[in-house]
Amino acid sequence: MNTQLLDLMKQRRTIYHLGKNVQFDQAELYRYIKEIVRNTPSAFNSQPVRAVVLFNEHHAALWDIVETTLEEQVAPDAFLRTKAKISSFRDAYASILFYTDMDVVKDYTDNPALATYQYQEYNWSEEAQGNAQFAVWTGLEENGLGVNIQHYDPLINAAVASRFELPASWQLRAEMNFGSIEKPADAKEFMDDADRFKLFQ
């Protein structure tokens, strides 16, 4: 069997030590990310995923917001570690904010033709999120870039939406950083296959 996709999946790792030594043009990166998200599958082709790509001072502003927000939430003695972690995210080249448009979810939830599934659209939108995040992550790693993904929502939602003037219906789901790989990931461990898979033939 062809293993190109599997090889890329094995290459996709969480990289925490990211830098700004990226040779791709920002416009090229933006087009590439858009095309991946555009072609990501979603239930009923509902297309609920939204992406905001942040370069330069906008990328730094995101992590400034995170730092300011968490400074108010975390005990002072623990905040030093938190601040160092956030600084490492700021060291990345750029960020991608992944959103779900809740207006799309509501439209499908309220659609009489989908009454049988009316409670499932949010779950399906989460599947679309996972698909999009995995696809973008793998695509960036295929091009030699490192990636990590964070989840500071809902603490930062209001401040980020205000800073970047985003629609109220967009719900933040994840913050992805990418950049040059300054230190590779450690070896990955896997749970026992017997606890994870079953085969019936």
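In the predicted model, helices H5 and H6 cross in a right-handed sense. H5 spans residues 102–109 and H6 spans residues 121–142. Their axes come within 9 Å and cross at roughly 140°. H5 is therefore oblique to H6. On the H5 side, the contact is made by Met102, Val105, Tyr108 and Thr109. These meet Glu121, Tyr122 and Ser125 of H6. Of the residues in this contact, four are nonpolar, two are polar and one is charged.

Six salt bridges were found in the whole structure. One of them joins the side chains of Asp101 and Arg50, with an N to O distance of 3.3 Å. This pair links distant parts of the chain. Asp101 belongs to strand S3 (residues 94–101), Arg50 belongs to strand S2 (residues 49–55), and the two are 51 residues apart. Asp101 has a relative accessible area of 10%, so this residue is buried.

A salt bridge also connects Glu67 and Arg90, at 2.8 Å from N to O. Glu67 sits in helix H3 (residues 56–71) and Arg90 in helix H4 (residues 76–90), so the bridge ties together parts 23 residues apart in sequence. Glu67 counts as buried, because its relative accessibility is 16%. Asp64 joins Glu67 and Arg90 in a network of salt bridges.

The side chain of Glu126 meets that of Arg173, with 2.9 Å from N to O. Glu126 is partly exposed, with a relative accessible area of 27%.

Note on methods. Residues numbered from 1 in each chain as written. Predicted model: local features only at pLDDT ≥ 70, side-chain atom pairs only at ≥ 80, totals over all residues. Heavy atoms only, no water. Axes fitted to C-alpha atoms, helices over the stretch in contact; angles between N-to-C directions. Helix = DSSP H or I, 4+ residues; strand = E, 2+ residues; numbered from the N terminus. Parallel < 35°, antiparallel > 145°, perpendicular 65-115°, else oblique. Left-handed = near helix turned anticlockwise from the far one by under 90°. Contact = heavy atoms within 4.5 Å. Nonpolar A, V, L, I, M, F, W, Y, C, P; charged D, E, K, R; others polar. Salt bridge = Lys/Arg side-chain N within 4 Å of Asp/Glu carboxyl O. Buried < 20%, exposed > 50% of the residue type's maximum accessible area, 1.4 Å probe, protein only.
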